[in-house]
Structure formats: structure tokens, C-alpha cells
Amino acid sequence: MTAGAGHPAPDGAAEPAEHGAHADYTGGVYGSMLAASVIVGAGTLGAFPRLELVLLLLLTGVVFWIAHVHAQLFGARLAQRGPDRGVVLRVCREEWTIVKAAVPPAVAVGVGPVLGLGVQAGQWFALSVAVTGQVGWSVAAARQAGAGRRMLLLSAVVNLVLGLVILSCKLWLKR
């Protein structure tokens, strides 16, 4: 991640919030893409039980959240000085959107049977929820950063294309 609101500059100091106001949502974009990738990977294994896929989505989100917290803390902050409880808690909150982004696809997998969806259809539904989340998080990040309409649209299109690449991978792997 780059330096930004709450993220360290190369010298270990936090940059002013106006330079990285989108930082709160970058984890959401990343987490949604991660969730989509988990669904694609699990889908290649065949009929993956729903409960296991829900747990895999949530636990993968938590593991990547921990990895991002670790990278933020040890990458620049703690290399310069010892751990500070306030900084650790702030970084944990800043990176929590990675986990939050895994929740809607996990819920989609869980409600699949209620909607009458089989395992494969439930995976496609969850994948579409993850890609939609990815686009939504990117637009929210661009909006929070003060982007104009063109940049909002560009952010949405780029993330939609990335999501379509993930969807294409699922189709290609199912051959």
C-alpha cells in the first residue's frame, strides 16, 4: 500500500489525511478481489460445501487483514520505533475493510440455499457479489478522495474489468 491517511510515508511519518483520504476503502477493493479469487479457486475443486466456502472466505479475509496490519506496522512504523498500542489499534481499524469486504460474498454463499441455488449457482452469485463490491469500494474510495465524475467512472470501469478477468478465469478453469 502507498502512504496515505494513516499510512506511513517512507520516513515513518503519517502523511496528512488530505493526501490519502481514499485509504479507508482501498482494503475493501482488495478484499473484494481477494474474495472473488477465493471463490474461483474453491470452484475449481468441484462441489465445495457451502459452510467450508463461507469459512474459507472469512478466514482468508482475516489472514490477509493480519498480513496487511503486520506489513503496515513492521514496514515503516516499527522499524523506526517500538510498538505503540494506539498505532497498532489504528492500523487494525484502517485495514479492517479487507475483512468487511469478505462478508457480503460469504453471506451470498450462505443464503444460496434459501434462494434455491445449487452449489455452483451459489458460487456464481457470491462471485457476482464480490465483483459488485469491488466496483462499489473503488467508487467509494474515488468519491472520498474528491474525484470528479470522470475519475469515478474510470475507477468503476477499471475495477469492473478486473472483476471480469476474475470471472473469465473461473470460466477458463471450468473447462
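A helix here is a DSSP run, H or I, of at least four residues, and helices are numbered from the N terminus. Keep that in mind while you click around, and remember that the model on your screen is predicted.

**Stop 1: I98**

Select I98, which sits in helix 4, residues 97–111. Is I98 buried or exposed? I98 counts as buried, because its relative accessibility is 0% and the cut-off for buried is under 20%.

Now show what surrounds I98. Leaving out residues up to four places away in sequence, I98 touches G27, G28, Y30, G31, G61, F64, W65 and H68. Pick G28 from that list and look at the C-alpha atoms: those of I98 and G28 are 5.1 Å apart in space, though the two residues are 70 apart in sequence.

**Stop 2: the aromatic rings**

Let's visit two of them.

Start with Y30 and F64. Their ring centres are 6.1 Å apart and the planes meet at 50°, so this pair is called tilted. Y30 is in helix 1 (residues 23–43) and F64 is in helix 2 (residues 50–80), so follow the chain between them: the pair links distant parts of the chain, 34 residues apart. Color by accessibility if you can: Y30 is partly exposed at 33%, and F64 is partly exposed too, at 29%.

Next, select W65 and W96. Here the ring centres are 4.8 Å apart and the planes are at 85°, so the pair is edge-to-face. This pair also links distant parts of the chain: W65 belongs to helix 2, while W96 is in the loop between helix 3 and helix 4, 31 residues away. W65 is buried, with a relative accessible area of 17%, whereas W96 is partly exposed at 37%.

**Stop 3**

Side chains of opposite charge can pair when their charged atoms come close.

Check how covered each one is: E94 is buried, with a relative accessible area of 11%, while R90 is partly exposed at 29%.

**Stop 4: a nonpolar patch**

Switch to a surface view and select V103, V107, V111, V114, L115 and F125. Together they form a nonpolar patch on the surface, with about 500 Å² of accessible area. Which helix gives the most to the patch? Helix 4 does, with 3 residues.

Zoom in on F125, which lies in helix 5 (residues 119–144). At 30% relative accessibility, F125 counts as partly exposed.

**Stop 5: Q134**

Stay in helix 5 and select Q134. Is Q134 buried or exposed? Q134 is buried, with a relative accessible area of 0%.

To see what is around Q134, hide its neighbours within four places in sequence and show its other contacts: V29, S32, M33, N159, L162, G163 and I166.

Definitions and conventions
Residues numbered from 1 in each chain as written. Predicted model: local features only at pLDDT ≥ 70, side-chain atom pairs only at ≥ 80, totals over all residues. Heavy atoms only, no water. Buried < 20%, exposed > 50% of the residue type's maximum accessible area, 1.4 Å probe, protein only. Helix = DSSP H or I, 4+ residues; strand = E, 2+ residues; numbered from the N terminus. Contact = heavy atoms within 4.5 Å. Patch = residues over 30% accessible without salt bridge, like charges linked within 9 Å, V, L, I, M, F, W, Y side chains within 5 Å. Areas by Shrake-Rupley, 256 points an atom, 1.4 Å probe, with all protein chains shown as cover. Salt bridge = Lys/Arg side-chain N within 4 Å of Asp/Glu carboxyl O. Phe/Tyr/Trp six-rings, centres within 6.5 Å; stacked < 30°, edge-to-face > 60°.
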